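Have the model open while you read.

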Amino acid sequence: AAVIFQNETMRVRRQAEHPAARVVHIPNWVDTDHFIPAYATKSGERTVLYVGRLVEEKNLRVLALACQMVRATLTCIGEGPLREDLADLDYRRKARICLPGAVPWGALPRWYPEHAVFAMVSKTEGHCKALAEAMAAGMTCLVSKAVTEGMIAGVNCLQVDGDETSIALALEVLFTDREFAAKLGWAARKTAIENWDKPELLLKERDLLREVAGR
């Protein structure tokens, strides 16, 4: 009866392939009262946070090596097949990688302000819920050009190619120009509030499901 896509670019592409289908765009919601900026942060430190699956498409090996180039500590929250590879990088290459495993959703808000930058440099991406949460928390976000939903390069994020050098250079800018980094963070929260706040999107999805179910 209907297909939901969380990414508008993907929705348009699938609609063109199936013009008779009902293809609806409803992005991931975020609780902007739960994920909020913190007054005490680690913004002066060289720390990078990633939250999500530890899988190849997330480009985490490259991110880890880029962090090593700029002497940054990378925290990867989540589980997946790349965990051992990342642990090996930490051991053999002396990259500073923290792997706390899965973290309960209710505990995530305290992790975001503990880091200076949130990175999502995926090779492919729809609409990442963790990125939306990081933006709601007012974090400085570094994303690859594959991450497009809600991203405005140089306004609410820094957007780069997904290679090691580009990521490292961008991280260095964000670590050294803290005024610019802070502006990106506040613009990111504004984007999250205006586009992905929980009540409106939940109601939109609920109403669609009721409609197609004939209620």
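## Thr-47, tucked in

A residue counts as buried when its relative accessible area is under 20%. Thr-47 has a value of 10%, so Thr-47 is buried. Keep in mind that this is a predicted model.

Where does Thr-47 sit? Thr-47 belongs to strand 3, which covers residues 47-51.

## Ser-122 in its loop

Ser-122 is in the loop that links strand 6 (117-120) and helix 4 (129-136). Is Ser-122 buried or exposed? Its relative accessibility is 3%, and the cut-off for burial is under 20%, so Ser-122 is buried.

As for neighbours, the Ser-122 side chain makes a polar contact of 2.7 Å with the side chain of Glu-125. Leaving aside residues up to four places away in sequence, Ser-122 also touches Glu-57, Lys-58, Asn-59, Ser-144 and Ala-146.

## Helix 2 against helix 5

Now for the helices. The axes of helix 2 (residues 60-69) and helix 5 (residues 164-176) come within 8 Å of each other and cross at roughly 50 degrees. That angle is why helix 2 counts as oblique to helix 5. The crossing of these two helices is right-handed.

On the helix 2 side, the contact involves Val-62, Leu-63, Leu-65, Ala-66, Cys-67 and Met-69; helix 5 brings Glu-164, Ile-167, Ala-168 and Leu-171. Sorted by class, that contact has nine nonpolar residues, one charged residue and no polar ones.

Burial in helix 2 takes in Leu-60, Leu-63, Ala-64, Leu-65, Ala-66 and Cys-67. Just past the end of helix 2, Arg-71 adopts a positive phi of about 60 degrees.

## Helix 5 against helix 6

Helix 5 also packs on helix 6 (residues 178-196), here with axes 5 Å apart and an angle of about 100 degrees. Helix 5 is therefore roughly perpendicular to helix 6.

Which residues make the contact? From helix 5 come Val-173, Leu-174, Phe-175 and Thr-176, and from helix 6 come Arg-178, Phe-180, Ala-181 and Leu-184. The class count for this contact is six nonpolar, one polar and one charged.

Definitions and conventions. Residues numbered from 1 in each chain as written. Predicted model: local features only at pLDDT ≥ 70, side-chain atom pairs only at ≥ 80, totals over all residues. Heavy atoms only, no water. Axes fitted to C-alpha atoms, helices over the stretch in contact; angles between N-to-C directions. Helix = DSSP H or I, 4+ residues; strand = E, 2+ residues; numbered from the N terminus. Parallel < 35°, antiparallel > 145°, perpendicular 65-115°, else oblique. Left-handed = near helix turned anticlockwise from the far one by under 90°. Contact = heavy atoms within 4.5 Å. Nonpolar A, V, L, I, M, F, W, Y, C, P; charged D, E, K, R; others polar. Buried < 20%, exposed > 50% of the residue type's maximum accessible area, 1.4 Å probe, protein only. Polar contact = N/O pair within 3.5 Å; in protein donor to acceptor, adjacent residues only side chain to side chain.
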